[in-house]
Amino acid sequence: MFDEFVSFVVLAVSVLCGIGVLAAVHSVRAKRRACRALGAQLLQAFRMLIKHLQVHRGITAAHLGGETNLGERLKNEAHSITNDIASIVRLDPLLTEHEDWHGITKHWAKLSLTRYGSDPYDTYQQHCKLIAACLAMMRHIAFHYRINESHGSNERIYWYELLFLGEKLGQLRALGTMRLTLTQRLKVKQKSTERVTKTLKEIDAMFQNKRLQEKIGPAYCDEINNFIAMVEHYIIAGDAWMSTKSYFDRATETIDLIYKCFDEEMQLLLRSV
């Protein structure tokens, strides 16, 4: 009788221990899923911030190049950027304690005060530095929130490569806009043209990644190649004239294709959480 009682106690304890272990494992997995979900939300919020910074950079290039009727549009983009920053902080208030985040917000506060008459190429470079800082912050977030860990399908998420390509296309938009609007400032035009040539080479190097091409898809790749051909024809060779608005809008359409790919990658990530 006593032996049976001891056996029952041992069995009960074993069952309770097993339940405890399963509960602990479930709790760890739930926390990991919540962590990755928040990380994905932060990446999406940063994606909006970068998109608006890129548009602000392009409009600023046109404004400083002589398109003086863009003041209101610049204000609207600046307002969107301020809202993006607030959205990121609401998602993760602890981010405000990060030194790199302080650098981003301070840089934007200074850049938002750009006035007509500022050097176009210097302003372009400042925008590029700020966007690069945002991309670096996103990589930190991806590591911290375990975004880059293997997920359900074991398929790699190409979120960073897509955003980096989108940024190179965004640089072409700003540089081409600068090149088309400037008429007298020959040194700035030369700088922008040289930078366009370098950026095209960087994009070509990225397209050596066959897996990235597959992620983008043949139709979107064709659209990107068509845009690059346009840049070579109108910006590098200068064989014909093109309006600033037409160029800016065509560039924006191409960049938006990359953002669609990024959003699809985020959906793939969220489904695996």
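1. The largest nonpolar core holds 70 residues, of which Phe-46, Trp-159, Leu-165, Leu-169, Leu-172, Ile-216 and Tyr-247 touch the most other members. Such a core is a set of buried Ala, Val, Leu, Ile, Met, Phe, Trp, Tyr and Cys residues joined through side-chain atoms within 4.5 Å, where buried means under 20% relative accessible area with a 1.4 Å probe, protein chains only. Helix α4 (residues 120-144) is the greatest contributor to this core, with 11 residues. A second, separate core has six residues, including Val-55, Ile-59, Ala-62 and Leu-70.

2. This is a predicted model: local features need pLDDT of at least 70 and side-chain atom pairs count only at pLDDT 80 or more, whereas totals for chains, interfaces and linings use all residues. Residues are numbered from 1 along each chain as its sequence is written, and side-chain values use heavy atoms, with hydrogens and water left out.

3. The axes of α4 and helix α5 (residues 159-181), lines fitted to C-alpha atoms over the stretch in contact, come within 11 Å and cross at roughly 175 degrees. The two helices are therefore roughly antiparallel, a term for angles over 145 degrees.

4. The protein chain has nine helices and zero strands, assigned as DSSP runs (H or I, at least four residues, for helices; E, at least two, for strands). Of its 273 residues, 43% count as buried.

How values were computed. Buried < 20%, exposed > 50% of the residue type's maximum accessible area, 1.4 Å probe, protein only. Axes fitted to C-alpha atoms, helices over the stretch in contact; angles between N-to-C directions. Parallel < 35°, antiparallel > 145°, perpendicular 65-115°, else oblique.
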